[in-house]
Amino acid sequence: MKRVLGSRYELGEMIGTGGMADVYIAQDLRLHREVAVKILRSDLARDPAFVARFNKEALAAAALNHPGIVAVYDSGQEETSSGLMPYIVMEYVRGHTLREILQKGERLAFERALEIVSGVLDALAYSHKNGIVHRDIKPGNIMITSTGEVKVMDFGIARALSDAGATLTSTWNIVGTAQYLSPEQATGGQADARSDLYSLGCLFYELVSGKPPFSGETPVAIAYQHVSAPLPLITSVEPSLDPALNAFFGVALAKDSSDRYPSAAAMLKDLKKLSRGEQITTQLPKQQKTLGRRRFSLIALALLILVGVSSFFIFRPDSASQIVALPNVVGLTEVEARAQLSGFTITIQRAPDARIPKDRVTNQLPLATVRVSKGSAVTLTLSDGPGDAVVPTDIIGKPLEEARAALAAAGLRVSRTIAVDSEEQPGIVLKVTPEQGSTIEAGSGVTLEIASGNVRVPELLGKSDIEARTLLTQAGFLVKIVEAFDSNQPIGVVIAQAPAAGETKIIGSSVTVTINKAPTNN
């Protein structure tokens with residue numbers, strides 16, 4: 001007997017999985033049609049505030065009726081042994097995400113990239129008019145159907161995540177979107193319609209040039225560039241492109257949202273001009289003056305990101321008492337930090353630090369967000385800048401993550417990894433450049449050669465729960481377990497897996513297995 005949600009949606013095979021939810025193909029038993037059902041992760045479902053916001057946003061998204069938006073038909077929550085399980089019922093679209101297309105290395109023609117972005121803008125113009133901001137525009141949320149149509153997914157869901165307090169460092173889903181993150185989202189600010197336009201601008205930049213506008217070793221480094229780094233001219237990345245695109249991206253990817261296109265319709269208007277070979281009349285010197293006035297504040301905010309703090313929100317004092325949440329001042333100058341900590345007793349000490357520029361705060365005690373009495377003591381450590389660091393002598397033979405941690409502890413970073421064929425287990429470090437024991441400037445990057453990290457997913461169907469976990473762990477995968485019931489299969493065995501056996505995945509990625517579990521008798 002297959003599992004049925006809400007006495008209506010009969011779940012079939014799993015067709016996708018991610019950091020937020022699993023997606024199943026399903027049959028709507030009432031309307032006799034195929035649908036997709038997205039089931040929220042159990043850890044997110046335990047937060048009642050998140051569930052309430054999620055349901056509210058799902059209902060709002062369901063009101064969107066546009067051919068360029070994957071329709072949301074219904075939402076609900078099922079009572080399970082581990083608590084409520086929220087789910088969303090959506091239109092089932094046959095096709096591929098733009099992310100899958102890009103991962104295959106397919107380079108889109110400029111005209112096709114224009115068509116795709118124009119389609120997304122058309123959908124955004126409609127959703128923004130109806131008060132829905134997407135907040136997570138990225139290749140994985142854009143479907144290209146089997147007939148070539150463009151459809152945008154997950155309207156409202158990203159907003160629910162944002163409201164639940166998801167940040168750059170605390171949620172996998174947001175970490176995965178760093179290349180398309182607007183500056184205001186990176187610094188904990190309020191996202192609006194222009195944030196969607198910035199993210200789409202990043203995507204368009206990547207489609208036409210082959211590279212995202214900003215990249216880095218970590219999501220934090222990428223976010224820092226969104227906030228403060230100058231935008232590389234698109235023609236410097238791909239000289240064959242029309243120079244008029246430089247002006248377009250200068251506005252679409254402006255650091256300050258007030259300097260961007262005011263609406264999706266305005267951005268679409270300029271795109272159509274570009275498609276016809278016409279010049280656009282965007283005035284960049286207005287933008288440059290505005291950016292100059294804001295440069296200081298942007299860099300100050302960016303330094304908050306550099307250290308990967310657990311939250312980017314500004315903590316406000318509790319007006320009802322003298323107990324306040326301590327603001328984060330790591331990355332600020334002493335003067336800026338003292339201004340933020342007005343009313344506290346400040347003690348200053350100094351130490352070398354390879355990550356933080358000289359004379360900026362590298363550490364604070366108590367840590368940010370701790371609730372303390374107004375006027376209590378806070379110790380700040382100021383950076384003396386980078387010194388020398390020694391490449392650890394025990395990196396070779398270690399797994400990549402252990403090597404990365406050892407280098408970080410030594411004040412160094414991994415600037416590049418090169419996968420090579422080897423008889424060693426995937427992910428094992430084979431060589432480091434500069435050599436182990438070398439003395440180099442702290443904060444420098446090193447290159448690691450690692451055993452090829454692509455491993456095949458083992459066959460798990462019919463295996464017991466413990467056998468499946470063991471096989472996946474030994475192969476280097478993370479394990480994600482879900483439960484379903486199939487009366488034709490023995491209880492306690494794997495009845496589905498994603499990805500399928502034989503597919504290659506990067507070591508350390510997750511594999512979802514579905515365990516056959518008998519339904520409980522109520």
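How many bridges join strand 21 to strand 24, and in which sense do the two run? Seven, and they run parallel. Before I go on, some housekeeping. This is a predicted model, so residues are numbered from 1 along each chain as its sequence is written, local features need pLDDT of at least 70, side-chain atom pairs count only at pLDDT 80 or more, and totals for chains, interfaces and linings use all residues. Side-chain values use heavy atoms, with hydrogens and water left out.

Helices (H or I, at least four residues) and strands (E, at least two) are DSSP runs, numbered from the N terminus. Two strands pair if DSSP finds at least two bridges between them.

If you want a residue pair to look at, Ile481 stands opposite Val513 in strand 24.

Strand 8 and strand 9 pair over three bridges, in the antiparallel sense, and Ile142 is opposite Val152 in strand 9. Contact, by the way, means heavy atoms within 4.5 Å.

Helix 4 has another partner. Two packed helices are described by the angle between their axes and the distance between the axes. For helix 4 and helix 8, the angle is about 170° and the axes are 10 Å apart. That makes helix 4 roughly antiparallel to helix 8; the cut-offs are under 35 degrees for roughly parallel, over 145 for roughly antiparallel, 65 to 115 for roughly perpendicular, and oblique for the rest.

Who meets whom? From helix 4, the list includes Phe110, Leu114, Val117 and Leu121, and from helix 8 it includes Leu197, Leu200 and Phe204. The residues of this contact divide into 13 nonpolar, one polar and one charged. Here Ala, Val, Leu, Ile, Met, Phe, Trp, Tyr, Cys and Pro count as nonpolar, Asp, Glu, Lys and Arg as charged, and the others, Gly among them, as polar.

While we're on helix 8 (residues 193-209), have a look at Ser199, which lies in it. Is Ser199 buried or exposed? Buried, at 2% relative accessibility. The scale is: buried under 20% relative accessible area, exposed over 50%, partly exposed in between, using a 1.4 Å probe and protein chains only. Leaving out residues up to four places away in sequence, Ser199 touches Ile137, Tyr180, Ser182 and Gln185.

Most residues other than glycine have a negative phi, and most peptide bonds are trans. Arg135 has a positive phi, near 75°. Arg135 is in the loop between helix 4 (110-129) and strand 8 (142-145), and at 13% relative accessibility Arg135 is buried. Asp359 also has a positive phi, about 70°, in the loop between strand 11 (345-351) and strand 12 (361-365). Asp359 is partly exposed, at 37%.

Then the cis bonds. One joins Thr433 and Pro434, with omega about 0°, and Pro434 is in the loop between strand 17 (429-433) and strand 18 (439-441). Another joins Ala498 and Pro499, with omega about 5°. Pro499 lies between strand 22 (494-498) and strand 23 (504-506), in the loop.

pLDDT is the predictor's confidence in each residue, from 0 to 100. The chain's mean is 78, and 78% of its residues reach 70 or more. Confidence is highest in strand 9, at 95, and lowest in helix 6 (residues 172-175), at a mean of 35. Over residues 160-176 the pLDDT is below 50, and over residues 287-321 it stays under 50. Where pLDDT is low, the predicted coordinates should not be read in detail.

Note on methods. Axes fitted to C-alpha atoms, helices over the stretch in contact; angles between N-to-C directions.
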